[in-house]
Amino acid sequence: MCPDPAYDPDMSGIRPSRLIRPLGVAIVSLAAATLVVGYLQDVVGVPNPSAVYLIAVVATALVAGTAGAALASVAAFLLYNFLFTAPRFSFSITDPGVLLSVVLLLFVGIVVGQLAALQRSRTAIATAREREALALFRLSRGLATRTSTLDVLQEVTASVRDELGMRRVWIALGPDDAAERIVADTGGEGRPAPAGLLQVLQRMPGETPAKWVRVHQASRSAGNLDTYRVRIEAGGNPLGSVWALRDRDGGVPDRSATRLIAAAADQIGQAWAQDQLAGAAQAAEIARQSDALKSSLLQSVSHDLRTPLAAIRMAAAGLRPDSQLGAVARRENADTIEREVEHLNRLVTNLLDLSRIEAGGLRVERETVELDDVLARAVERLRARSVDRTLELALEGPPVRVDPVLLEAAFTNVVDNALAYTPPGAPIRIAALADDAYVRLTIEDGGPGVPDGAMPRLFERFYRVPGRNGRSRTSGGTGIGLAVTSGFVEAMGGRVAARRSALGGLAIDLDLPAAEVPVELRA
Amino acid sequence: MTARRSAGAAVLVVEDDDGARATLVRDLEAHGYEVDAAEDGATALRYWERRRPDVVLLDLGLPDMDGLDVIRRIRREAPTPIVILSGRYEEREKVEALDRGADDYVTKPFGSEELQARIRAALRRGTGPAREAEGRLVAGPLVLDPLRHEVLVDETPVDLTPREFEILRVLLTHAGRVVTKARILRAVWGEAYQDEDSYIYVHVGQIRRKLAAADPAGQLRNLIGTEPGVGYRIATLERP
């Protein structure tokens, strides 16, 4: 049953209940016209008031269409003829003038009735068109403003169901029948499955209207429902189908409804194809950026790689048996080599880390760990390297859920940065603070800090604060270290921020996801 | 123990990079070891059969076979200490190697002194863990008695939960060696829990706190070392 009976421009589908109103209007308006005509002719004395019947004809035409208007015209002709023309109460007419006027009444009645009925059906069609246009507009707007096609499809199924008077509508995507997977469904009893007769919309090229073709019995057991299917295609490739269940009594969807469902299928096809193109374009953009990254990386890094290599080479030459260096100088050379190798190692490690972040190939294995435990090694190294700084440490905090290897690398980079840009004697403070869903690990220093304008850019790759030169060369000097830190922390579900420290220098906050720890394990 | 005591021990170096291998050999010989060097797995296993070295230094990336297979072959025959020479991006392989029976690892690039320390530790534990006659496990002032299910620090009992006790026992049994998290999980929680995160870090944190409370002198401060992403290692302490 259609939820909205007024929306059935197909006038042929008349059922007995729908005849009552036009019939009533015809009888009442004809009766009223008869009374008025009788009054005018017999009481007032108007010679030929038969035109009043035209009002009844028009009224009937507006509710009953062309056939009703014709019948009303004939009825009006007969009524006037029988009741008011001499000899009265007979169908015979003696006066040729009266005969002419009665025949004219019949003729004008039929014409006016037809015009009125035509006007009515035009209005009905215009209303239907407007509804169709509005539905199409909503559909295309929904798809055009989508963030994801899949999200919009649910709304599309609902609006197709309501606009077309379907029982249930679902959309399945897949290149062929076997691969189709349901992605949106208006819901209803049981599982969405074809029932009753299966009608598939056959679409023709050009102007030829699409038509429903009965394919086969989809299922015998389905009661009074039939299934309608419109294939979704884009560029000739099948992408899936729009499926609908409809009451058999409702008949095949009319042209306007068919156009709407066909348009829905087309729009979905376009949107889906567009999504796939956008995905491909994004992949290409990533590849392009990755190339750009590689070349800027080479530029930025070749200098930082060559300098320590030169130092190592020279120091190694001094260790040859034939060199003139004394024991102390030899020891210093060996120390230089070790230090430069360590520096190179950090640089290379950061480069590899950065390329893993950029490539999206980072594997994060999160565990519940305690900060002081997982950072113990890094802190030990820090102590060894910061003999001339004041180091404040407070790492006891609730456990965090991180990848210990990534966290250690992220932390080491921030610490290296602090060591590189602070003068001897400057304080470095490292503290952990629980903050709801996060544990905030802050590394701050009493160094010169960075200008406020540079803060937001500190975590960009290859960014160096203008005019700031590290006291010693470290990985931080290449604009890679903090980029790796931010990449790792974000990959672990945390976030990073830079701000001015109360100590005067820079403060870096690493917000790490706090771990849920069972009550019995809490200290 | 000192470096002098381990001098004269036989070391097998398995490393495919010529420069790295030559440097290693020179460094080890300078420290008084007897060194054999192999550039691939097949040569390594030939040397192993012929010489039965006291310790094996093994690079996992070999040209002819998987380094893990070398570990498996050696472990089938002897408990000879194996130290993995690992690149940083072989994180998972490192863990797998330890699970397959390797004893320790050093991450490239490593300094000569770190390597020497690892070799000394490996040779020391070649003589067996710190286990006393009645099965008590000892590390400095710490004694774990599996029969009486108690842990003592300087004769004072430390109150550990059953989980904590088991974790400490596993670590002490393999004192000096890296014990992977998977291994602890298997030993303490059983096979079923292998893939679950059982808050090992939190348990270890509790053990450390309890031991620290019972050890005001701080002799046990660095007893349980963390190898991030890999596992734990109990430092080999001299017996009192």
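**Strand pairing and salt bridges**

Strand S5 (residues 225–234) of chain A and strand S6 of chain A run side by side in the antiparallel sense, paired over ten bridges, where two strands are said to pair if DSSP finds at least two bridges between them, and strands (E, at least two residues) and helices (H or I, at least four) are DSSP runs numbered from the N terminus. The structure is a predicted model, in which local features need pLDDT of at least 70 and side-chain atom pairs count only at pLDDT 80 or more, while totals for chains, interfaces and linings use all residues. Residues are numbered from 1 along each chain as its sequence is written, chains are lettered from A and ligands numbered from 1 in the order in which they are written, and side-chain values use heavy atoms, with hydrogens and water left out.

To follow this pairing, find Arg231(A), whose bridge partner in S6(A) is Ser241(A). The two strands form a hairpin with two residues between them, and in its turn Gly235(A) has a positive phi of about 60°. S6(A) also pairs with strand S1 (residues 168–173) of chain A, again in the antiparallel sense, over six bridges, and here Ile171(A) has Val242(A) as its bridge partner. Strand S6(A), which spans residues 237–247, is mostly covered, since nine of its eleven residues are buried, that is, under 20% relative accessible area, with exposed meaning over 50% and partly exposed in between (1.4 Å probe, protein chains only).

We turn now to the charged side chains. Side chains of opposite charge can pair when their charged atoms come close. Counting as a salt bridge any side-chain nitrogen of Lys or Arg within 4 Å of a carboxyl oxygen of Asp or Glu, the total over all chains is 51.

One of these joins Glu408(A) to Arg377(A), with the closest N and O atoms 3.2 Å apart. Because Glu408(A) lies in helix H9 (residues 404–420) of chain A and Arg377(A) in helix H8 (residues 376–385) of chain A, the pair ties together parts that are 31 residues apart in sequence. Glu408(A) is buried at 7% relative accessibility, whereas Arg377(A), at 34%, is partly exposed. Both residues belong to a network of salt bridges that includes Asp104(B) and Arg118(B).

Another salt bridge links Asp511(A) and Arg495(A), at 3.0 Å from N to O. Asp511(A) sits in strand S13 (residues 506–513) of chain A and Arg495(A) in strand S12 (residues 495–500) of chain A, so this pair connects parts 16 residues apart in sequence. Asp511(A) is buried, with a relative accessible area of 3%, while Arg495(A) is partly exposed at 39%.
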